[in-house]
Amino acid sequence: MTNQDMMGEAPGGATHGGAAQGSGAQGSGAQGNGAQGGPTSGAEPVFSPDAHRLDLGRVGAITLLVGIVLTGPLAWACVQAVVTDPDPAAKGIAGFFGLLFGGLCLLFLGSYMRVTRPRGIVIDVAGIWFWHGRSWDLIRWTQAARVGLSYETPPELPTIGGPVDHLKAKVSGWLKDKIYAVLRVTDKRGIALEIVPMREEELGELPRLLRYRAKDPAPTPGMPPVLWRVRLPAGYHSFEKFVAAGERFGGHTWEGWFRRQWSGGAGRGARLAE
């Protein structure tokens, strides 16, 4: 991921250095381009030197490539088994898994254009920028009442049995953590960037972001009951930098990680915070 380097001024003429934090992000440093953080098109805005960029199109392309590489050969192997194996039972099993893996592979291929379309997020001193193709939208820190990363985690399965079963569960959990560490994948589910606006009407001023509109199931009194909610891939391995950028620029507006109630794996919509 690349950051645009600039000396002197932030978007819209606000001077700052690499140590811009908290009130600097909330004050004159959040002036940005365009009135009221409105949409812009054409050239890419100039960001602060330590801005953080998340290219969702690129991450989506990597995820699809891994999925195709995994499911394509498996589907082909199952087709070969159906053609060559004389055992009818083996043919039936291979046919079932061939349809399963083949369907998944076709699903990955069919969603290629949608998942890999140019889009992403940049966090800098002005606020949170969204790009879709060559169009840019800015949500200023002064327009946000609360910003953070929500996530879900599956409920722990009950341990049945004595000390041996408990030990097996502990070892299994340790291995899972090690595998996640090697693959640089988080065990959090349904990860999303959530932005609660200061005023609900400001959602309508950014029409390209209406696709991210969601209801807050437990709105804070005095805040709008709606929010912007952008799903993020669990395989994205630079959440540390993402969170660091939010802490650096967002000040008291940045909430960081917070857990929402498990949705059963569907991961759709905002859930009740725990």
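Which residues have the most contacts inside the largest nonpolar core? In this predicted model, local features need pLDDT of at least 70 and side-chain atom pairs count only at pLDDT 80 or more, while totals for chains, interfaces and linings use all residues. Residues are numbered from 1 along each chain as its sequence is written, and side-chain values use heavy atoms, leaving out hydrogens and water.

A nonpolar core is a set of buried Ala, Val, Leu, Ile, Met, Phe, Trp, Tyr and Cys residues joined through side-chain atoms within 4.5 Å; buried means under 20% relative accessible area, with a 1.4 Å probe and protein chains only. The largest such core holds 31 residues, and Ile121, Ile128, Phe130, Leu193, Ile195 and Leu232 have the most contacts inside it. Among the elements that each supply at least two of its residues are helix H2 (56-84), strand S3 (119-123) and helix H6 (239-250). Helices (H or I, at least four residues) and strands (E, at least two) are DSSP runs, numbered from the N terminus. H6 gives the most to this core, with 5 residues. Apart from it lies another core of 8 residues, including Phe47 and Trp136.

Ile121 touches, among others, Arg53, Phe130 and Leu232 (heavy atoms within 4.5 Å), when residues up to four places away in sequence are not counted. Arg53 itself sits in strand S2 (residues 52-55) and counts as buried because its relative accessibility is 9%. The side chains of Arg53 and Glu44 are joined by a polar contact of 2.7 Å.

Key: Buried < 20%, exposed > 50% of the residue type's maximum accessible area, 1.4 Å probe, protein only. Polar contact = N/O pair within 3.5 Å; in protein donor to acceptor, adjacent residues only side chain to side chain.
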